[in-house]
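This report walks through a structure for a reader who meets it here for the first time.

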Amino acid sequence: MTATEELLQIERVTKVFTVGSFFFKTRINAVENVSFGIKPAEIFTLAGESGCGKSTIAKIILGFEEKTAGEIVFENESIAHWREKRQLFIQKVQAVFQNPFESFNPLCAVDDIFFETVYNFHLVQNEKEAIPFIDERLKAVGLSFSEIHSRYPSELSGGQLQRASIARALLTNPSLLVADEPVSMVDASLRMSIVNLFARLREEMNLSVLYITHDLATAYYVSDRIAVMFRGNIVEMGPVEEVLLNPRHPYTQLLRDSIPEANPHRKWKGSVRVANVEEEEYLQKGCKFAGRCSLAEERCRVDFPQETLVDGVLVRCHRYN
Amino acid sequence: MSRVLRLENLKAFYVLEAWGEKKVIQAVNNVTLEIPSNEVYGIAGESGCGKSTLLRTLFADIEPPLYVFSGRIHYRVDDHDIDVLSLKSAEKRKLRWTYISYIPQGSMSVFNPVKRIKSTFLDFLEDHVRGKVRENLLSLSVEHLRRVGLPPNVLDVYPHQLSGGMRQRVAIALATLLRPTVILADEPTTALDVVAQRAVLELLREVHHELGNTIVLVTHDMGIHAQITTRMAIMYAGRVVEEGPTKAIFASPLHPYTQYLIQALPHIGEKKPKEGIPGSPPSLLSPPLGCPFHPRCVFAFSLCREKVPSLEEFVPQHKVACFSRQRGECVFEGEKMRRYESKNMDDYRERG
Ligand SMILES: Nc1ncnc2c1ncn2[C@@H]1O[C@H](COP(=O)(O)OP(=O)(O)OP(=O)(O)O)[C@@H](O)[C@H]1O
Ligand SMILES: Nc1ncnc2c1ncn2[C@@H]1O[C@H](COP(=O)(O)OP(=O)(O)OP(=O)(O)O)[C@@H](O)[C@H]1O
Ligand SMILES: [Mg+2]
Ligand SMILES: [Mg+2]
């Protein structure tokens, strides 16, 4: 590797969607000028409001969605070039999709999908080698070959499917795993086993993970850096300890305060305000959080805040300019 | 305490046949439970332990390969007990959505992909109400959508144009519309950020206060259980292994599985390595003999390998299915346990 030390570099990526009916059309900047990089053997968390563009970024990286503007560089080569080497790209960049119920073909037995992957990528020679190979990956996520053998996706539970899709993604020994909410449907104990597996593969195989999650506690536990998104923009980015223990952006603070604490004696205080109209926030001039921010001033409603570096953390808020 | 739902010895198994080979998956295995009315009742448990199957059975949505092998489900409707499993399908349909509503797991994928959200809403209302009422309900649905942070024009889009979390909120708005007495919610907030999650749970709680109804909430998120449920059941391998007031379960979990579960919870500010439970979840195709948890349990003794413990009251209101606990031989962090137990008694007094 040469120029950069990043494995994946996202540079000023923008994605615009047009929604609504014929008479009432709105353009949504689902992702707006987003830049970040992931280093080899780094676990990078992307968190933020539901609908803020996280899955869209994942889909753009994987090539399932076209970006409107910007550039993505993987191993120092533009994503556009990788398109001609799709097979190699897929081997190196694997994905776990947000909804496990949609990520397996409902008409195929789950183990067939595993066999297809191991044969396609020439990971094994024959069925005799394939079964123990697949079984080993499944054991790492608390499943086994016999549990998925000739079972259809509809016959497995949500968490079983989610774990199966993680095991399948790890078959090819990828260098980057794009994991969109990979543990949302498993219990705390399995959740720890899975994030520990990510950490182990990072140590042993230099795996990098783009960990998209709403679970900030596991994000804190396994990841090195975190980016918090709000309405298409990254509003805060830095080491997890800094961002989660000492949040600077008012939205990150709101997120932190809304984490349901696993202690029935300590309940949420007050009540939250969600956006009145989600799309209005997207279209708003100035800071998109201004409408809900208790600290908002006049300039917040007018000018879009620039990023500022505060103690190694990038913050997009006028208070820090 | 009046109850709205009672299940007795419920067994619901999947029977799969592949190449002449028959497999039986014991997803809900001899479950007996009483769910009080006017309560937010939580169900937690390991992935694949049968929570969704239990909810599907409670909704009387039993289709092959799922079969009910034994047991009863009684709902309390207008002071009568109704055995839902013996109802005809027309009667079931009448009960559904108006009396019991159900938010299935993965509700973000239940919408018809080629229909705009509005026509899904209208089809749904069509089945239940007509004319003026229907229009009022449509405007009420706009109100419900607004409360969970969605604009009215989500009604005009197709499901794929919404993010996972937006679709999940649409499903919740739909399920609360007809003011049902029992809401069965299976992982309703998995795709939501914590702020939206809180808004959704607050909507559910408001609906609950307004109607005095019962919400059965399945989630892996112990934080959510701590925040909004008042009682809960812990499932493991198709069985309920612990049941009691939420505060008591957090303060002094009785079953070793529950203890592991609570200890495994990561907290922000804590990076010391935490492990999941050693060993793997049992396969429900051939669950271990005896207590299903015994292969992973540090307290297991010979009886645990032979017999299945039944769910019995250990302290008032708090039940557990564990031989070593029931014999009082389970000294899990002895000192800490005793302290918890006395605090626990305060909770009981607090509840009256
Ligand atoms: N195909 C599409 N057409 C139109 N709009 C879309 C499309 N896909 C996504 N959007 C919009 O783009 C925004 C971002 O969606 P995205 O799925 O990336 O969110 P997300 O951050 O993954 O949210 P969640 O946490 O809820 O999954 C949303 O407002 C969504 O409505
Ligand atoms: N349609 C089906 N056909 C056959 N087996 C099934 C079917 N649905 C679920 N199962 C099996 O039944 C068991 C219980 O599944 P269920 O979906 O109830 O689990 P769960 O507790 O909801 O898990 P999760 O937390 O992962 O959603 C699992 O072992 C699963 O593989
Ligand atoms: Mg998403
Ligand atoms: Mg489930």
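## Salt bridges, a metal site and an interface

Glu75(A) is partly exposed, its relative accessible area being 25%. The model in which this residue is seen is a predicted one. Glu75(A) forms a salt bridge with Lys92(A), and the closest N and O atoms of the two are 3.2 Å apart. Because Glu75(A) lies in the loop between strand E4 (69-74) and strand E5 (77-78) of chain A, while Lys92(A) belongs to helix H3 (residues 86-92) of chain A, the pair ties together parts that are 17 residues apart in sequence.

Over all chains, the structure holds 31 salt bridges. Side chains of opposite charge can pair when their charged atoms come close. Four of these pairs are set out below.

| Salt bridge | N to O distance |
|---|---|
| Glu75(A) and Lys92(A) | 3.2 Å |
| Glu204(A) and Arg200(A) | 3.7 Å |
| Arg3(B) and Asp81(B) | 3.7 Å |
| Lys271(B) and Glu241(A) | 3.1 Å |

The pair of Glu204(A) and Arg200(A) sits within one element, helix H9 (residues 188-205) of chain A, where the two residues are four apart and thus separated by about one helical turn. Glu204(A) counts as exposed, at 55% relative accessibility, whereas Arg200(A) counts as partly exposed at 44%.

In chain B, the side chains of Arg3(B) and Asp81(B) meet in a salt bridge. This pair links distant parts of the chain, with Arg3(B) in strand E1 (residues 3-18) and Asp81(B) in strand E5 (residues 80-83), 78 residues apart. Arg3(B) is partly exposed, with a relative accessible area of 24%, and Asp81(B) is also partly exposed, at 34%. Both residues belong to a network of salt bridges that also links Arg6(B), Glu8(B), Glu34(B) and Arg76(B).

Chain B also contributes to a metal site. Which residues are the protein donors of the magnesium ion (ligand 4)? They are Ser52(B), through OG, and Gln105(B), through OE1, and they lie 1.9 to 2.1 Å from the ion. Since Ser52(B) lies in helix H1 (residues 51-58) of chain B and Gln105(B) in the loop between strand E6 (100-103) and helix H3 (117-126) of chain B, the pair ties together parts that are 53 residues apart in sequence. Ser52(B) is buried, and Gln105(B) is buried as well.

The last topic is the contact between the two chains. The size of an interface is often given as the accessible area lost when the parts come together. Chain B and chain A bury about 5800 Å² between them, with 60% of it on carbon and sulfur atoms. Arg198(B), Gln227(B) and Ile268(B) supply 14% of the area that chain B buries against chain A, more than any other three residues. The contact takes 73 residues from chain B and 74 residues from chain A.

Between chain B and chain A there are 18 residue pairs in polar contact, both residues of each being at pLDDT 80 or more. Elements that each supply at least two residues of the side of chain B that touches chain A include E1, strand E2 (21-36), helix H4 (131-147) and helix H6 (194-211) of chain B. H6(B) gives the most to this side, with eight residues. By class, the side of chain B that touches chain A has 32 nonpolar, 23 polar and 18 charged residues. The count of salt bridges between chain B and chain A is one, and the side chains of Lys271(B) and Glu241(A) meet in a salt bridge.

Conventions:
Residues numbered from 1 in each chain as written. Chains lettered and ligands numbered in written order. Predicted model: local features only at pLDDT ≥ 70, side-chain atom pairs only at ≥ 80, totals over all residues. Heavy atoms only, no water. Donors = N, O, S within 2.8 Å, 3.2 Å for Na, K, Ca; no water. Buried < 20%, exposed > 50% of the residue type's maximum accessible area, 1.4 Å probe, protein only. Salt bridge = Lys/Arg side-chain N within 4 Å of Asp/Glu carboxyl O. Contact = heavy atoms within 4.5 Å. Buried area = accessible area lost by both parts, 1.4 Å probe. Polar contact = N/O pair within 3.5 Å; in protein donor to acceptor, adjacent residues only side chain to side chain. Nonpolar A, V, L, I, M, F, W, Y, C, P; charged D, E, K, R; others polar.
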